[in-house]
Amino acid sequence: LPLELIDFDKANTESQNSLLVKACNLWNLEYTTQQIAKEIGVNGSTVTNYLKTGKKIVVDLKDSDVVVK
């Protein structure tokens, strides 16, 4: 695939709007995992998985342990 065919601005925007990023942002706003699940339309265990992954890759995720609240 030639790189000139890739819309990098669109890819950046879409990646920043992923459910994982949304979950991490809501966690940083002190939402519980159940509140996040309701907000983004997934179950609580999925949110916990997103937050555990986010803690590994997102620099500004709060340092608290990820637990289901």
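This is a predicted model: local features need pLDDT of at least 70, side-chain atom pairs count only at pLDDT 80 or more; totals for chains, interfaces and linings use all residues.
**Exercise 1.** Determine where Val 42 lies and whether Val 42 is buried, partly exposed or exposed.

*Solution.* Begin with the chain: Val 42 sits in the loop between helix 3 (33-40) and helix 4 (44-57). Next, take the relative accessible area, which is 21% for Val 42; because buried means under 20% and exposed over 50%, Val 42 is partly exposed.

**Exercise 2.** Describe how helix 2 packs against helix 4, and classify the residues of the contact.

*Solution.* The axes of helix 2 (residues 19-28) and helix 4 are 9 Å apart, at an angle of about 85°. Since angles of 65 to 115 degrees count as roughly perpendicular, helix 2 is roughly perpendicular to helix 4. Helix 2 contributes Leu 19, Leu 20, Ala 23, Cys 24 and Trp 27 to the contact, and helix 4 contributes Tyr 50, Leu 51, Thr 53, Gly 54 and Ile 57. By class, eight of these residues are nonpolar, two are polar and none is charged.

**Exercise 3.** Carry out the analysis for helix 2 and helix 3.

*Solution.* Here the axes come within 10 Å and cross at roughly 140°, which makes helix 2 oblique to helix 3. The contact involves Leu 19, Lys 22, Ala 23, Leu 26 and Trp 27 of helix 2, together with Thr 33, Ile 36, Glu 39 and Ile 40 of helix 3, and its residues divide into six nonpolar, one polar and two charged.

Terms used. Residues are numbered from 1 along each chain as its sequence is written. Side-chain values use heavy atoms; hydrogens and water are left out. Helices (H or I, at least four residues) and strands (E, at least two) are DSSP runs, numbered from the N terminus. Buried means under 20% relative accessible area, exposed over 50%, partly exposed in between (1.4 Å probe, protein chains only). Axes are lines fitted to C-alpha atoms, for helices over the stretch in contact, and angles run from 0 to 180 degrees between N-to-C directions. Angles under 35 degrees count as roughly parallel, over 145 as roughly antiparallel, 65 to 115 as roughly perpendicular and the rest as oblique. Contact means heavy atoms within 4.5 Å. Ala, Val, Leu, Ile, Met, Phe, Trp, Tyr, Cys and Pro count as nonpolar, Asp, Glu, Lys and Arg as charged, and the others, Gly among them, as polar.
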